[in-house]
Amino acid sequence: MRDTRWSLIVPLKPLRLAKSRLAAVAGEELRPALALAFAEDMVTAALSCGAVGDVTVVTDDPTAARRLGRSGARIVPDGPGRGLNAALAYGARTVRADAPAAAVAALNADLPALRAAELGRVLAAAAGHGRSFLADAAGVGTTLLAAGPGVALAPAFGGASRAAHLASGAVELALTDVPSVRQDVDTGADLRAALALGVGRRTAAGVRRLTESATSPA
Ligand SMILES: Nc1nc2c(ncn2[C@@H]2O[C@H](COP(=O)(O)OP(=O)(O)OP(=O)(O)O)[C@@H](O)[C@H]2O)c(=O)[nH]1
Ligand SMILES: C=C(OP(=O)(O)O)C(=O)O
């Protein structure tokens, strides 16, 4: 179904806990702001993609809820409070309570270089399968898991989720021209790779603050 419009589900943990692996480069002060900037840039890019109908962020963080709501996302609290996969399954259930035939796709919040056109290519490919996924840039994890109308999302994110999603029967999307959808940012090296692709304006501003604080005298 080439004209499928997708409901995206974006999980986001409380900002004070988010992106802990970035603490080494961002420090405790800037790390939560950077995690929010990634999510804002990602949501803004996703909502400008023609294949995206709506974006639902599952989060208990009040600041993130306010800011991402302002960016156009629907906010759902993390009802289960039992980790990432429970949050995603809950988000999908919430979307389908209103729209039972919705095509849903989980997308990580840490894709600050996301380009709407590339996301459109991924979702067009996903529309040809019941359940499919895109591996992350490292080839170990997953950045997007899609389930067409009537198909359970059954998320298996966390760690080596590329293998977990393959084992669960999801089809791997073998696209070569979608680096911005694959480039999640967990480490300083990932952040440099995202910057090389070109990040959104909020992440760019956050990285400028990072550079300034690193170069200003104590
Ligand atoms: N709503 C919700 N989102 C979660 C939860 N755990 C993780 N996430 C989100 O799921 C995505 C991947 O999570 P992780 O890799 O575990 O965490 P991270 O904050 O990206 O990075 P690290 O702290 O370095 O592990 C991110 O968008 C997280 O914010 C959870 O329990 N609830
Ligand atoms: C949770 C995942 O992402 P990451 O740990 O890379 O943020 C995953 O790829 O399943």
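Helices (H or I, at least four residues) and strands (E, at least two) are here DSSP runs, numbered from the N terminus. The model is a predicted one, in which local features need pLDDT of at least 70 and side-chain atom pairs count only at pLDDT 80 or more, while totals for chains, interfaces and linings use all residues. Residues are numbered from 1 along each chain as its sequence is written, and chains are lettered from A and ligands numbered from 1 in the order in which they are written.

**Helix 2**

Helix 2 spans residues 62-70 and has Ala64, Arg67 and Leu68 as its buried residues, a residue being buried if 20 or more other C-beta atoms, placed from the backbone, lie within 10 Å of its own, exposed if 12 or fewer, and partly exposed in between. These three lie on the same side of helix 2, because they cover an arc of only 95° around the axis, the arc being that of the directions from the helix axis to the C-beta atoms. Pro62, Arg66 and Arg70, on the other side of helix 2, are exposed. The cover over the buried residues includes helix 1 (23-47), strand 2 (52-58) and strand 3 (74-76). After helix 2 comes Gly72, with a positive phi near 115°.

**The ligand shells**

A residue is counted around a ligand if its C-beta atom, placed from the backbone, lies within 6 Å of it. Around ligand 1 there are 17 residues, of which Pro11, Ser20, Arg21, Ala87 and Ala109 come nearest. The shell around ligand 2 includes Asn108, Asp110, Asp136, Gly141, Thr142, Phe157, Gly158, Ser161, Asp184 and Asp186. In the table, Ala, Val, Leu, Ile, Met, Phe, Trp, Tyr, Cys and Pro count as nonpolar, Asp, Glu, Lys and Arg as charged, and the others, Gly among them, as polar.

| Shell | Composition by class |
|---|---|
| Ligand 1 | 7 nonpolar, 4 polar and 6 charged residues |
| Ligand 2 | 1 nonpolar, 5 polar and 4 charged residues |

**The annotated positions**

An unreviewed UniProt entry places the feature "binding site" at Thr142, Gly158 and Ser161; such positions are given in the numbering used here, feature names are shortened, and annotations may be inferred rather than shown by experiment. Although spread over 20 residues of sequence, the three cluster in space, with a largest C-alpha distance of 8.4 Å.

Thr142 belongs to strand 6 (residues 142-147) and counts as buried because it has 27 C-beta neighbours inside 10 Å. Ser161 lies in helix 5 (residues 161-167) and counts as buried with 22 such neighbours inside 10 Å. Leaving aside neighbours within four places in sequence, Ser161 is in contact with Gly141, Thr142 and Ala156, contact meaning that the C-beta atoms of two residues, placed from the backbone, lie within 7 Å.
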